[in-house]
Amino acid sequence: MSILFGHKDKKDRKWYESIWDFIEGLGIALIMALMIKTSVVEAYKIPSGSMENTLLVGDFLLANKFVYGMRLPIPWVDIRLPALTDPKPGDIVIFRPPFAPNVNYIKRCVAVEGQTVEIRDKQLYVDGQAVEMPADGKHEDKNTIPFSLDIMGGKRDNMPPYKVPPGKIFVLGDNRDNSYDSRFWGPLDKRMVQGRALIIHWSVEPEANPPKLDSADPFSLVKYLANKITHLPGRIRWSRLTRIVC
């Protein structure tokens, strides 16, 4: 008969010891989940149409946070492990822009440090070579805005050659006529990149007229939930589920 030293039989354990074991196990599970979310993989929701039709409003995607240098989950300290690779042209990246350091944005990297970006009549050029639009990218506006620093959107369709500085990348939205990106606020510091988009795991069509909660109506919550549940199956974009982001 084998004996495990330090191990108590279940009938010898106190009730509070069992509760403590449960709390301890739950705590470890929560810490592991937080480490994975902070460092390896995280879920994001697409809130705007700036990446249409590659990514649609209502898409939920997973992003790889490990590939560009995993951030260690230590509060108030930004410590990262060495990156497996740097962002490269074509990567769809999640990042914190310089004007909103607490908000996640998503765009496509089109050029990296040392490369020269230029836009002529909506056509993107990198190092003098024309770059094709992404497969699901688009231009919604047939009009072309001439280059100007004095009008809003004066670099949308025409931008003089610009060399990306060291440590920076240049990002654009796939919906080129409706994206606030590096054309307007400049290059992105690589340190602000959070991860690379991987896969769409869920996608729901936004509601045209969503129900509203009314504090004066005690049944408004029931109506709200009933409406959500009833219409959900018809709003799911089944063909987009498990789609690889590229």
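1. Over the ring of which residue does the charged end of Arg120 sit? In this predicted model, the ring belongs to Tyr125, and the charged end of Arg120 is placed 3.8 Å from the centre of that ring.

2. Turning to charged pairs, the count comes to 20 salt bridges. Among them is the one between the side chains of Lys138 and Glu52, with an N to O distance of 3.1 Å. Lys138 lies in the loop between strand S7 (129–130) and strand S8 (159–163), whereas Glu52 lies in the loop between S1 and S2, so the pair ties together parts that are 86 residues apart in sequence. Glu52 has a relative accessible area of 18%, and it counts as buried because the limit for that class is under 20%.

3. Glu52 is also of interest for its backbone, as the peptide bond from Glu52 to Asn53 is cis, with omega near 0°. Asn53 is placed in the loop between strand S1 (41–45) and strand S2 (59–64). A colleague checking the model may wish to look at this peptide bond together with the salt bridge of Glu52 to Lys138.

4. A further group of charged residues is joined into a network of salt bridges, made up of Lys122, Asp141, Arg156, Asp157 and Asp177. Within this group, Asp157 pairs with Lys122 at 3.2 Å, N to O; Asp157 is in the loop between S7 and S8 and Lys122 in the loop between S5 and S6, so this pair ties together parts that are 35 residues apart in sequence. Arg156 also forms a salt bridge with Asp157, the closest N and O atoms being 2.8 Å apart. Arg156 and Asp157 are both buried, and Lys122, at 14% relative accessibility, counts as buried too.

5. Which residues other than glycine have a positive phi? Lys122 is one of them, with phi near 75°, and its place is in the loop between strand S5 (116–120) and strand S6 (123–126). Thr242 is another, with a positive phi of about 65°, and its place is in the loop between H3 and strand S12 (243–244). Lys122 is buried at 14% relative accessibility, whereas Thr242 is exposed at 57%.

6. Leu213 lies in the loop between strand S11 (193–203) and helix H3 (220–235), and with a relative accessible area of 53% Leu213 is exposed.

7. Finally, a point on the cysteines: the structure holds 0 disulfides. Cys109 is buried, with a relative accessible area of 1%, while Cys246 is exposed, with a relative accessible area of 66%.

Terms used. Residues numbered from 1 in each chain as written. Predicted model: local features only at pLDDT ≥ 70, side-chain atom pairs only at ≥ 80, totals over all residues. Heavy atoms only, no water. Disulfide = S-S within 2.5 Å. Buried < 20%, exposed > 50% of the residue type's maximum accessible area, 1.4 Å probe, protein only. Lys NZ or Arg CZ within 6 Å of the ring centre and 35° of its normal. Helix = DSSP H or I, 4+ residues; strand = E, 2+ residues; numbered from the N terminus. Salt bridge = Lys/Arg side-chain N within 4 Å of Asp/Glu carboxyl O.
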